[in-house]
Amino acid sequence: MSCADLIGHLFLARDVTHSVHLNTRSYAKHKALGGFYSKVIDLADDLAEAYQGRHGLIGPITLHSAKKTNNVVEFLEDSLAEVEKARKELGDDSALQNIVDGIVDLYLSTLYKLKFLA
């Protein structure tokens, strides 16, 4: 997955979680998803800017569509797996890897809140 694909993937995660955030009746789920969608875009922006600072412009962002699922936890777990696969294609650049670490941390903490607090 190219950096442009990864950024598009993060945009999709933001859109899906924002939609579920607005449609849940669970306050805990509402808050967990609100935290995720508001932070993931900043992290995506950080990654894109750092990547472009190192490698040049990434070009058009690939916009993805969601697979049909009614389970946001399953969606986030699948999305996290894609992020972790994409990490390998970014190489050994520690600055980029640190940003990806922050993205993974956001996914994991959100999954914790959804699984055990909502």
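The model is predicted: local features need pLDDT of at least 70, side-chain atom pairs count only at pLDDT 80 or more, and totals for chains, interfaces and linings use all residues. Residues are numbered from 1 along each chain as its sequence is written, and side-chain values use heavy atoms, with hydrogens and water left out.

**View 1**
Helix H3 covers residues 72-89; helices are DSSP runs of H or I with at least four residues, numbered from the N terminus. Its 18 residues span 26 Å from first to last C-alpha, close to the 26 Å expected at 1.5 Å a residue, where the expected span is 1.5 Å times one less than the number of residues. Buried in H3 are Val 72, Val 73, Phe 75, Leu 76, Ser 79, Leu 80, Val 83 and Ala 86. Here buried means under 20% relative accessible area, exposed over 50%, and partly exposed in between, with a 1.4 Å probe and protein chains only. The buried residues of H3 fall within an arc of 145 degrees seen down the helix axis, so they line one face of the helix; the arc is that of the directions from the axis to the C-beta atoms. An α-helix has 3.6 residues a turn, so residues three or four places apart point the same way. The buried residues of H3 pack against helix H1 (3-23), helix H2 (27-55) and helix H4 (94-116).

**View 1. The two ends of H3.**
At the N-terminal end, Asn 71 caps H3, with a side-chain oxygen 3.0 Å from the backbone nitrogen of Val 73. Just after H3, Gly 91 takes a positive phi of about 80 degrees. The backbone oxygen of Gly 91 is reached by the side chain of Gln 97 at 2.7 Å. Gln 97 is in helix H4 and counts as buried at 14% relative accessibility. Not counting residues up to four places away in sequence, Gln 97 touches Arg 87, Leu 90 and Gly 91; contact means heavy atoms within 4.5 Å.

Ser 79 lies in helix H3 and counts as buried at 2% relative accessibility. A polar contact of 2.6 Å links the side chains of Ser 79 and Tyr 107. Such a contact is a pair of N or O atoms within 3.5 Å; within protein, one must be able to donate a hydrogen and the other to accept it, and residues adjacent in sequence count only if both atoms are side-chain atoms. Leaving aside neighbours within four places in sequence, Ser 79 is in contact with His 9, Ala 13 and Tyr 107. In the largest nonpolar core, of 35 residues, Leu 10, Leu 47, Leu 76, Val 83, Ile 103 and Tyr 107 touch the most other members. H1, H2, H3 and H4 each supply at least two residues of this core. A nonpolar core is a set of buried Ala, Val, Leu, Ile, Met, Phe, Trp, Tyr and Cys residues joined through side-chain atoms within 4.5 Å.

**View 2. Lys 115 on helix H4.**
Lys 115 is placed in helix H4 and is partly exposed, with a relative accessible area of 43%. Its side chain and that of Glu 77 are joined by a polar contact of 2.8 Å. Beyond residues up to four places away in sequence, Lys 115 touches Val 73 and Glu 77. Lys 115 and Lys 29 are 86 residues apart in sequence, with their C-alpha atoms 9.3 Å apart.

**View 3. Salt bridges.**
The whole structure holds five salt bridges, each a side-chain nitrogen of Lys or Arg within 4 Å of a carboxyl oxygen of Asp or Glu. Asp 93 lies in the loop between H3 and H4 and Arg 54 in helix H2, so the pair ties together parts 39 residues apart in sequence. Asp 93 is buried at 14% relative accessibility, whereas Arg 54 is exposed at 53%. The side chains of Asp 101 and Arg 87 also meet in a salt bridge (2.9 Å, N to O). Asp 101 lies in helix H4 and Arg 87 in helix H3, so this pair ties together parts 14 residues apart in sequence.
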